[in-house]
Every structure is written in structure tokens, then in C-alpha cells.
Amino acid sequence: MAKTKFLVSRYDAARDTKPYLQEFRLEIPQGATLLDCINLIKWTQDGTLTYRMSCRSAICGSCSMKVNGHARLACKTQAADVVIDGAVTIEPMGNLPLIRDLAVDLEPFFDSIDRVKPYLVPDESRQWKREMLQSHDDYRKIEDASTCIMCASCWSDCNVLEVDPRFLGPAALAKAQRFVHDSRDSDTIGRIEFLSRVTGMWDCTHCAECATRCPTDAKPLFRIKELRTAAMTHKITNNNGARHVLAFRESVGGTVPGIGGGMLNENYIPVRSVGFFNLDGILSIIPVGVRMIIRGKNPPILPHIIDKFGEVRAMFRRFNDYRKEYRK
Amino acid sequence: MRKHDVVIVGAGLAGLRAALELAGKVDVAVVSKVYPSRSHSGAAQGGVAAAMANESDDSPELHMYDTVKGSDYLGDQDAIEIMTHDAPITITEMEHLGCVFSRDAEGRIAQREFGGHSKPRACYAADRTGHAMLHTLYEQSFKYKKDITFYNEWYLLDLIYQDGSARGIVAMDMKTGDIEVIHAKAVLFGTGGYGRAYKITSNAFANTGDGIMAAYRAGLPLEDMEFVQFHPTGLYQQGILMSEAARGEGGYLLNGNMERFMERYAKSRMELAPRDIVSRAEQSEINEGRGAGPNKDYIYIDLRHLGREKILEKLPQIRQLAIDFLGVDCIDNPIPIQPTAHYSMGGIPASKDCEVYSDEKGTIVKGFYAAGECSCISVHGANRLGTNSLLDATVFGRRAGKSILNYLVGAKHEPVNEAEEKRKARKRIDDLLYTPSTESANNIRNELKEAMTTNVGVYRDKERLAAAHKKLKELQQRFTKVRVEDKGKVFNTEIIEALELANMLAYSELIIAGAEARTESRGAHARVDYPTRDDVNWMKHTMVSAGADGAIQLKYKPVVVTKHQPEERKY
Amino acid sequence: MKYALYTGCVAKGAGRELMSATVYAAERLGIQIREMKDASCCGAGAIQEDNPLLADALNARTFSLAEEQGLDIMTICGTCQGVMRTAQIKMEHNPAHKERVNAALKRDSGREYQGKVKVKHFYQIVEEDYGLENLVKRVTRKLTGLKVAPFYGCYVLRPHEYSDTKVPDRPDYLEKLIAAVGATPVDYAEKQKCCGFPILMPNKANALQLSGNAMIGALKAGADVIVTPCPLCHLNMDSYQPEIEEMLDRKINMPVLHYPQLIALALGANLDELKMNTHVVLPNEKLLEVVNR
């Protein structure tokens with residue numbers, strides 16, 4: 001078998017001004033994981049190559065790194081599967097300060113977890129003698145989030161974190177979902193209110209990198225969506241993100257008279273989202289409105305009503321029934 | 001110099017559980033070579049034993065009997081009794097702390113069958129039980145973040161032990177390479193096991209016995225080192241754990257002829273016999289030419305009859321592991337497996353309150369505690385039952401915390417010579433970095449692991465043990481000239497790996513020494529040349545320590561027998 | 001070749017020029033389209049968060065409308081495509097969920113989603129059903145010399161389990177189209193990233209920064225224009241470009257073309273026919289030069 005090129009990012013602050021790619025050549029042994037290969041490089045070619053690893057069975061979360069541009073666990077990856085044109089590119093995770101080679105500073109990641117009160121707040125009056133009861137269905141609501149191994153793959157590839165390091169980030173939000181939906185937790189509303197602030201659940205832009213890179217069932221994007229559903233269900237809507245969702249409901253469902261019927265009313269969405277009585281908010285959307293009017297790009301003033309809208313209206317009239325049926 | 005009331009080394013279940021017990025009451029620090037969530041407790045899969053009696057009648061007494069019998073009567077029965085009686089409250093507490101457990105129809109913690117347990121006693125979270133428990137404790141550590149100082153990615157170099165008392169530790173901050181003394185009134189080790197010396201192992205790269213060897217180097221004895229558990233279902237060639245829960249849920253073991261061979265070895269318990277028995281049965285099948293595959297060197301675990309739904313709900317992780325590592329989906333095909341080095345029954349001798357002993361007579365070291373896999377209390381004796389390890393770590397982590405609180409009343413910081421401690425540690429590292437070097441650490445490590453798996457594995461005999469011992473001596477000699485290329489300070493993982501290899505080379509010899517001396521077969525220690533248990537001569541714990549000249553000394557300590565006299569083990 | 005055209009909201013609202021280009025391109029290629037005037041909004045992820053079952057039922061209704069006509073669906077919005085395929089795949093993988101959706105749908109609209117209809121974006125139809133080689137034959141105006149930056153948009157790529165793109169981490173259908181019309185694709189790091197549009201309301205600064213980074217990336221790679229299959233990406237990068245320029249304190253002047261616009265231009269459309277003067281960022285010098293050559 002031909003040797004594969006491993007292009008590995010190297011950086012040593014004592015010597016280098018910035019990271020560079022070093023080429024190693026290695027024949028990939030049959031069935032070898034990417035971690036096996038990196039270990040072989042370290043142990044037989046260059047002992048100074050620096051990275052983290054421990055369990056090599058995808059449960060400790062140590063060995064996440066960017067492989068061909070995207071974060072993944074080296075131990076969970078068959079090396080042969082990631083060779084592109086005879087080469088694999090290996091770089092440190094993104095959105096974290098570099099320490100050396102593939103090792104990054106994880107403190108910002110663990111700090112984000114700290115911010116969501118990542119522990120159960122049980123009812124103080126509970127009985128201690130036995131376990132608290134939880135139905136199988138309630139367990140299922142928190143099972144996926146509970147599989148997170150804190151590898152930070154989601155954090156590494158999160159698009160929002162690239163532009164805003166204050167964002168809570170995917171893992172912390174998934175961790176928060178695990179408590180918001182935990183039938184044993186007594187701080188549901190407090191948690192949702194906190195998570196509804198700027199930097200919280202509504203700041204996620206759905207790039208879905210987290211759900212794609214996550215090596216477990218935690219899949220943060222889906223947990224964030226569940227958090228938003230919880231916020232809407234508990235009517236914690238005093239923010240632009242939640243009002244934006246309400247605007248969809250009102251214009252597509254026609255639940256507010258004259259606003260729409262089956263389609264979005266794009267004139268209504270921004271005004272409703274910033275809030276009708278939010279002067280600063282309204283002012284902030286005027287320039288784009290003006291620009292669009294000048295070009296004739298502004299949506300028609302009268303809302304578009306689809307044919308057979310009655311069918312859609314009938315569905316929205318049973319809005320709460322749909323929610324109940326979904327929870328079943 | 002850093003100073004705390006208590007320093008805990010290891011942030012797995014034992015270490016974190018103890019920290020939680022101490023948080024807010026005293027100044028506690030936790031030192032770990034990995035972030036706490038990376039600790040190997042998280043890799044435990046199948047369950048944690050406690051006589052909750054959710055699925056059937058059960059009692060701590062029955063749990064005790066099963067554990068004593070499973071231990072092949074080498075377990076200390078007073079400690080086992082405490083563990084099984086503390087189990088239900090300890091698990092209930094874990095649940096109240098938020099642990100995500102699988103549930104039964106009534107909403108109670110679900111329980112399943114496990115090897116050697118006569119009742120469905122394993123509380124579980126799918127097949128991620130250790131992960132669920134570890135993360136629960138890690139979550140709690142955020143709650144008490146003001147009360148616990150974490151030294152994450154600090155590597156333990158030495159235990160400071162002087163005149164009968166432990167006074168702190170010497171450790172390296174991996175991020176800076178700085179060597180620091182952490183001075184404490186009490187030290188707790190929860191540093192995990194030593195299975196990394198084997199080629200086929202379920203252990204993490206981190207499980208290199210750093211804690212036990214720090215104790216040994218300080219002059220303290222280690223207990224029952226020859227008892228290394230081989231788990232019957234390690235992924236073929238990888239050794240990665242395929243939970244015993246796979247058998248607890250009804251999985252079959254098949255040989256190359258697709259026979260359920262356990263019928264010949266443990267007719268009544270079949271696949272759910274204790275691990276020592278099942279691993280030996282597998283090894284016998286392979287040795288006698290009935291293995292599977294082109295080289296007839298593996299066994300199958302067959303889950304197909306469980307059905308897709310049950311596998312996805314109860315065994316999702318092991319399914320994924322077999323897909324990722326072998327490309328086998330257990331819904332459609334049986335998984336190739338073999339025995340894998342898994343758990344260290346031996347370790348730092350300690351009392352049922354986790355106080356470390358300095359000799360075979362039971363003299364207690366002041367201010368030094370051990371809990372979890374690094375300890376030998378001894379609740380597992382010659383063979384641990386599945387699901388008793390998470391229990392051991394949690395119960396004794398909790399007890400260690402309480403025990404330390406009692407000790408701290410009136411305790412003070414004993415004097416420490418910081419400069420001297422740092423100099424000694426520095427020298428050990430500089431010797432590795434700057435002595436003329438010709439030997440590859442990789443070769444030494446590979447040869448060690450090969451020798452241990454081949455000659456100190458499931459079956460042992462005089463010749464193989466002698467061969468292994470000889471090899472060890474050679475490897476230790478070669479290690480004095482080992483090459484470390486990385487001279488940098490920042491995150492120098494090569495120097496850490498060299499220190500870990502030094503530990504592995506040292507403790508492997510202790511395993512062999514204990515095994516050579518023990519001329520009987522008991523639990524995980526199976527001698528082909530001494531195939532039966534010898535209660536007359538060997539109903540005792542091995543205590544190994546370094547003599548004045550550094551030579552290995554073996555002494556023995558009696559087993560504590562309270563309620564259950566040894567009898568023949570039948571399953 | 002005939003499809004039920006699912007326009008989505010933007011093509012009927014703030015991006016009507018997308019509709020013009022779609023009709024033009026389809027007609028010239030000989031792809032018949034029939035607009036689904038009775039289809040509702042796909043929910044765009046927002047209704048999914050408000051009421052997951054209702055959102056799936058809305059899309060199941062749309063699917064049943066197409067099934068009634070015996071046509072597969074053509075979408076022209078990356079977000080609609082991603083959201084609708086997600087609904088479809090969820091029901092495919094979970095028959096119990098499909099049953100639940102259909103029960104509600106039947107109750108409220110008398111309809112049923114059978115699971116037969118295919119949902120494809122215009123780009124998939126061009127690539128898989130029509131064939132780029134057939135498109136090349138109809139090109140009357142090669143866009144030679146125009147450097148085009150592909151911008152994929154999230155919904156057709158991720159999460160991978162809901163994406164039809166073959167290698168979603170290394171998609172190439174935009175590059176292939178760009179080459180097919182005689183233009184030159186440019187490569188840049190941001191081409192598969194998020195434009196930020198979904199958080200325009202909750203966090204405008206982040207939304208604009210994301211689009212800004214993408215456009216700067218394209219600019220640095222030498223792009224004259226950007227092309228995207230998602231009109232929401234277009235809206236964020238086009239309508240807000242003046243604000244982005246102000247925020248980043250630099251001129252960008254990057255026209256952002258809809259996927260069908262690039263095809264229509266190559267098939268000979270003039271800029272007026274495509275209503276390109278309704279873009280906030282008007283065709284720049286290079287684009288005009290290539291088109292008027």
C-alpha cells in the first residue's frame with residue numbers, strides 16, 4: 001500500500017510565529033484509526049508532536065481535532081476513510097486559543113458550561129429515602145443531551161462563535177436542555193428566562209455544524225430547537241427571537257386578522273420581531289426598508305393569501321392540539 | 001508552594017465523590033492529568049450494583065454473598081459488607097444529584113442482570129452508566145466551584161511521605177512544564193488502575209498506575225498486584241470494552257463452530273458466570289482450536305436475537321463502537337471479541353475507611369487515603385464482579401471524604417522540604433531528557449505489552465512468568481537509555497509518556513513477582529501448573545514493597561472472613 | 001420534464017426577481033413548471049420550533065398537493081429545500097411519526113401524504129435530472145472572465161443526515177455550474193459557512209458579521225460576484241450590504257446572484273428581464289462588462 005501524506009499543523013510558541021503544516025508520510029495499517037496513525041507518527045517519526053488522547057473508544061472526548069477542515073474524534077475515525085487524494089490534513093480545533101500543535105486551551109469551552117448552571121436543582125421538599133421517580137418518556141427527553149462527552153467538536157466548528165465569543169455555544173445549550181427538560185428539575189422557568197437573553201438560545205443561527213460534528217447523540221442543534229420549543233410553550237417570548245417565531249405563526253397561520261394567510265408577511269416580520277413599541281428597534285430596520293423600497297424590492301403591501309388557505313387556517317386553529325399530540 | 005487542607009489526585013468517580021463530600025467544609029484541591037470529564041470512570045458501561053430491589057427481591061446481604069463468592073473468597077468481608085450495605089443510599093444520592101438513569105415501568109431506576117449477581121441488581125443508564133455518573137459528579141463540581149480548586153492537566157510525580165505521614169504531592173503543570181509542590185494535611189489517591197501494560201486492554205492511555213507507583217516509590221506496599229481482571233468481551237484486536245450488559249440483556253457467546261460453549265463451563269449461569277470463569281472458557285476454546293476466524297483466535301458475541309429495538313435502546317454505544325472499529329453492525333452480525341485486560345483488583349492497601357496501610361500488620365499512614373480502582377480495600381479479592389467497580393469508587397469515594405473530615409479535626413500541615421522535593425522530581429525528569437539515549441520508548445512499550453499479554457494473561461505458568469520476568473529486567477535496563485526528543489516545557493506529552501512507561505515497567509514486575517509466588521489458581525490468577533485453589537496456604541493477600549536495596553519484597557496479610565467460609569465456586 | 005414549483009415566501013415577496021429568473025431559465029431549458037399557488041410556507045425552521053408537529057403537517061400538506069398533481073416538487077430556496085427534506089426524512093425514518101402527521105392532516109384538511117413525491121432544489125434538477133452537459137449546449141452567452149464565488153447556504157448541506165448533497169463537506173455543484181456557464185469559480189474558506197440570516201432579528205451584529213466575513217473572503221479570493229441557491233443568503237448579503245460595509249468600514253460592492261440568475265444570464269437574458277435592478281447591490285462593472293460583451 002502506498003504511503004499517505006499526513007499534513008499536520010505544528011506550532012510551538014517558543015519557536016514559531018504562526019502555525020504551519022508539516023508533512024509526514026505513513027502507510028496506514030489495516031483498520032487503523034486516525035489516532036492510531038497519529039500515535040505512530042509521534043512514536044516512530046517525531047516525538048515532539050503534541051495532542052491530547054486518552055480512552056481511544058470515543059467516550060472521554062480528548063482527541064477532537066480538525067480533520068480536513070472539520071472537527072472529529074481521531075479515535076472514532078477510520079484513517080482510510082478521510083484520505084483525500086492521498087492526503088489527510090490535521091489541524092487543531094477552532095474557536096479556542098492554541099497551546100501547541102494540536103492542543104488547544106479548553107478553558108473558554110468549560111467556562112461556557114459553567115454559565116448555564118449545569119447541575120440539577122431539585123425540589124427541596126423531596127423525599128430522600130428513595131430515588132425520585134421519572135417516567136421512561138421523561139427520561140427519553142434528556143437522554144440524548146446526556147450523551148455529551150464534552151469533546152468541544154461542536155464549539156470548534158460553531159459559526160456564531162467565530163464572530164461572537166460571548167455566545168453560550170452549542171454544548172452549553174445542549175447541557176441546559178438536559179435540565180430544562182428534566183422532570184426532576186425545579187428551575188425550568190428560571191433557566192429558560194436566562195437562556196432567552198442575548199448570547200443564549202436565540203443567538204444560534206442554525207448553521208448545523210454542531211449537529212454534524214457531534215460524535216454522540218447529543219446533537220446540540222436539535223437540543224437548541226427543543227429549548228426554543230420550551231420557551232414558546234412556556235410563553236417566554238419577550239425577546240426578538242421568540243417574537244420572530246410568533247410573527248411566523250401569526251402571518252402563516254393568519255391567527256392575527258389581516259396579517260397573512262399561508263405565507264410569510266415579510267413586512268410584518270421585522271416590525272413584530274423587534275416589538276411594536278420598541279422605538280430603537282423600529283428605527284434600526286428603517287434603513288433596509290428604505291433601500292428596498294427605492295429598488296422596488298419591498299414585499300407587496302397587501303399580504304399574499306394562498307389558495308385553499310382554509311385548510312391551513314383549520315390546522316392553526318388546532319394549534320394546541322398539535323402540541324399535545326406531539327408530546328404524546 | 002501551594003497549600004490546601006486536602007489534595008485529591010484523580011478526578012474520576014472516587015476523587016470527585018470525595019471532593020463533593022469535602023466541598024464547602026474544608027479547602028480541597030483536585031489534581032488530574034486529564035480534565036475530569038475525560039477520566040476513565042466514564043468508560044464504564046453496563047451498570048452499578050445496588051440492592052435497590054426494583055426488579056425483584058434483593059438484599060445487601062445477598063449482594064455481599066455474591067461478591068464474596070465472586071472474589072473467590074479473597075475479598076475482605078468486613079469491607080464488602082459495608083460496600084453492599086452502603087450501595088442503595090449511595091446510588092439514591094447519585095440519582096438525587098441528577099444522574100440520568102434508565103427507568104423501569106414504575107419510573108424507578110431500571111436494573112438488569114449481570115455476571116455473578118444472583119439478582120437483577122445493575123442500575124444503569126443505557127450502556128453509558130459510568131459516563132452518566134461521572135458527568136453527574138462533574139456537574140456538581142460546577143455547583144461547588146468556589147469550594148474546590150481544580151488542577152486540570154497536572155501530572156502526579158511524587159507522593160510526599162515522611163515519618164509515617166503523607167504531606168502532599170509533587171506535580172507538573174503540563175501547560176507550563178513547571179514542577180510544583182502541593183502541600184496538604186491529607187492526601188487522597190483516586191488514580192485508577194494499571195491495565196495499560198497489556199497489549200490487549202480496555203484501559204485508556206491514561207491508566208498507567210501513576211498513583212500506585214508514587215506510593216510504592218515513597219516506600220509503601222502494594223496489595224494483590226497479580227490479580228488483573230480480563231474482561232471476556234473486548235473488541236477483537238482492539239481490546240475496547242463491549243459491555244457485559246450485552247450478556248446481561250441476553251447475548252450469547254459462540255465459538256468458531258457457532259456453539260454456546262459456556263454450557264461446558266458454567267451450566268447454570270452460562271454467559272452470566274463471573275468474568276474470570278468466562279474469560280478462561282473463551283481462552284480454552286481458542287487454545288483448543290475452537291476459536292473463530294481465519295486464525296481461530298477470537299470468539300463471537302451474538303446479539304442478533306435481541307432485535308433492533310432492544311439493541312438501539314439498551315446497547316447503543318457498543319453497537320456504535322463495533323461499527324466504528326470493526327465495521328460490524330451487531331443487529332445483523334455477531335461481533336468478534338476476545339478477553340481484554342480490564343480491571344486492577346490490586347493496588348494501594350487501605351482500610352474500609354480508605355486509610356492507607358504502611359505494612360502487612362495494618363499500621364495506618366497518617367493523612368493518606370486511597371479509593372476506587374487504585375485502592376485495594378479489598379472488596380473484589382481475586383475477581384471483581386461486573387458493576388461492583390462503579391459502586392466501589394462511589395461508595396469509597398464518599399467514605400473517604402467522611403473519613404478525611406474526621407481526620408482533619410486537629411490535623412495540621414506537617415513540614416515539607418519544598419526545594420528538596422522539587423529537586424528530586426526534576427532530577428528524575430532531567431535524567432530522562434539528558435542522559436545519552438539510544439532506545440526507542442515505542443519499542444520498549446510494545447515489547448512490554450506483548451510480553452504481558454502473552455505471558456501474564458488469562459492463563460499463567462512458571463515458565464511463562466519467568467520468561468516475562470526476564471524480559472522485564474531487560475526492558476528496565478534498556479529504559480535507562482530511553483530517548484526523549486522533546487526538550488520543550490509547554491505541554492510536553494513525550495516526557496509524560498516516558499514517565500508513564502517507567503511506571504508501567506516498574507509495576508509490571510510487581511504483577512509478575514506476585515504471580516510467580518502464588519502457587520495456586522484463584523479468581524483472575526489462573527496457573528496452569530497449579531490449577532486449584534489452595535485455601536490452606538494461599539487464603540491471604542500479597543503485600544509487595546521495595547526493600548532497603550530496592551529489591552522486591554513479598555509479605556502476606558490474612559483475609560478478613562466474617563460470615564462466609566470458603567466453599568467451591570459453582571455457577 | 002415537469003415539476004410543481006414550490007416558490008417559498010421570498011420569491012413571492014422580497015425576492016421577486018428570483019421568480020423572474022426561474023421562469024426564464026426553466027422556459028429556455030425546456031423544464032416545465034407549474035406554480036403551487038395553494039402551498040403554504042415551509043415554516044423555515046421557526047414554525048418547527050413553535051409547534052413541531054404542526055410544521056411537519058404543513059409540509060406534508062404541501063407534499064400531498066404535489067402528489068395530487070402527480071408531479072415532483074422543485075424548490076428554489078435552499079432553506080425551503082432543507083426544511084422540507086428534513087420533514088420528509090423524519091417521516092421516512094419514523095413511520096409512527098408519519099402516521100401521527102397524517103392523522104392530523106386528514107382531520108384538518110382531508111389530505112394524506114403518501115410518501116411518493118420527490119423534493120428537489122432547482123440545482124439538483126439541473127444536475128441530476130437535466131444534466132449540466134445539456135445546459136452547456138444551450139448556453140448562448142458564455143460568462144467568460146467572470147469570477148464567481150459559490151455560497152452554498154447551510155440548509156442544503158447540514159446536518160448531513162438531512163442533506164442530499166453527495167459529499168456535503170465538499171460540495172461542488174455550484175462550481176460545476178459556474179464552469180458550465182463559462183465563468184470561473186473561486187475558492188474561499190467561507191463558502192460553506194452560515195450567512196447569519198436566521199439571527200438577523202435576535203442578533204443583527206452577528207448576522208451581518210457572518211455575511212461580511214463571507215463577502216470579504218470572496219472578495220479576497222478575487223470574486224466579482226457571489227452566487228447562492230438560497231434567497232435568504234441573498235437577502236442578508238444584498239439588502240444589508242450597505243450596513244455591512246459601514247460596520248466593517250470597507251467597500252464591498254459585491255452583487256449576490258440567485259442560482260437561476262446565473263443560468264438565465266448564460267442563456268441570454270438581459271439584466272432588465274431578470275429585474276436585476278431590484279437588487280440593492282446593482283450589477284458591478286465587471287458583471288456589466290461580461291453581460292454586455
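Predicted model: local features only at pLDDT ≥ 70, side-chain atom pairs only at ≥ 80, totals over all residues.

Trainee: What radius of gyration does chain B have, and why does it agree with a compact globule?

Mentor: The C-alpha trace of chain B spans about 65 × 55 × 50 Å along its principal axes. A compact globule with 571 residues would have a radius of gyration near 25 Å, so the value for chain B agrees. That value is 22 Å.

Trainee: Among contacts in chain B between residues at least 6 apart in sequence, what percentage join residues at least 24 apart?

Mentor: The secondary structure of chain B comes to 15 helices and 22 strands. For contacts in chain B between residues at least 6 apart in sequence, the share joining residues at least 24 apart is 74%.

Trainee: Is Ile335(B) buried or exposed, and which residue lies 100 residues away from it in sequence but 7.7 Å away in space?

Mentor: Ile335(B) belongs to strand 14 (residues 335-344) of chain B. Its relative accessible area is 0%, under the 20% limit, so Ile335(B) is buried. Leaving aside neighbours within four places in sequence, its contacts include Met242(B), Ile299(B), Tyr300(B), Ala322(B) and Cys330(B). The residue 100 places away in sequence, at 7.7 Å from C-alpha to C-alpha, is Leu235(B).

Trainee: What is the relative accessible area of Thr129(B)?

Mentor: Thr129(B) is placed in helix 4 of chain B. Not counting residues up to four places away in sequence, Thr129(B) touches Ala44(B), Gln45(B), Gly46(B), Gly47(B), Val48(B), Cys123(B), Tyr124(B) and Leu390(B). Thr129(B) is buried, and its relative accessible area is 0%.

Trainee: How much area is buried between chain B and chain A?

Mentor: The contact takes 61 residues from chain B and 64 residues from chain A. Arg38(B), His96(B) and Phe205(B) supply 15% of the area that chain B buries against chain A, more than any other three residues. Carbon and sulfur atoms give 51% of the area buried between the two chains, which is about 5400 Å².

Trainee: How many salt bridges does the rule find across the interface of chain B and chain A?

Mentor: Arg184(A) forms a salt bridge with Glu95(B), and their closest N and O atoms are 2.8 Å apart. Polar contact across the interface of chain B and chain A comes to 36 residue pairs. The number of salt bridges found across this interface is 9.

Trainee: Which helix of chain B gives the largest share of the side that touches chain A?

Mentor: Helix 3 (77-96), helix 4 (129-143), helix 9 (316-326), helix 12 (441-455) and helix 14 (493-517) of chain B each supply at least two residues of that side. By class, the side of chain B that touches chain A has 19 nonpolar, 22 polar and 20 charged residues. The largest share, 7 residues, comes from helix 4 of chain B.

Trainee: Which helix of chain B packs against the buried residues of helix 1 of chain A?

Mentor: The buried residues of helix 1 (residues 34-44) of chain A include Leu34(A), Cys37(A), Ile38(A) and Ile41(A). Within chain A, the buried residues of helix 1 pack against strand 1 (4-10), strand 2 (20-26), strand 3 (64-67) and strand 5 (87-91). From chain B, the partner is helix 14.

Trainee: Which chains share the most contacts?

Mentor: No contact joins chain B and chain C, whose closest C-alpha atoms lie 13 Å apart. Of the 2 pairs of chains in contact, the one sharing the most contacts is chains A and C.

How values were computed. Residues numbered from 1 in each chain as written. Chains lettered and ligands numbered in written order. Heavy atoms only, no water. Contact = heavy atoms within 4.5 Å. Buried area = accessible area lost by both parts, 1.4 Å probe. Salt bridge = Lys/Arg side-chain N within 4 Å of Asp/Glu carboxyl O. Polar contact = N/O pair within 3.5 Å; in protein donor to acceptor, adjacent residues only side chain to side chain. Helix = DSSP H or I, 4+ residues; strand = E, 2+ residues; numbered from the N terminus. Nonpolar A, V, L, I, M, F, W, Y, C, P; charged D, E, K, R; others polar. Buried < 20%, exposed > 50% of the residue type's maximum accessible area, 1.4 Å probe, protein only. Rg over C-alpha atoms; globule rule 2.2 N^0.38 Å.
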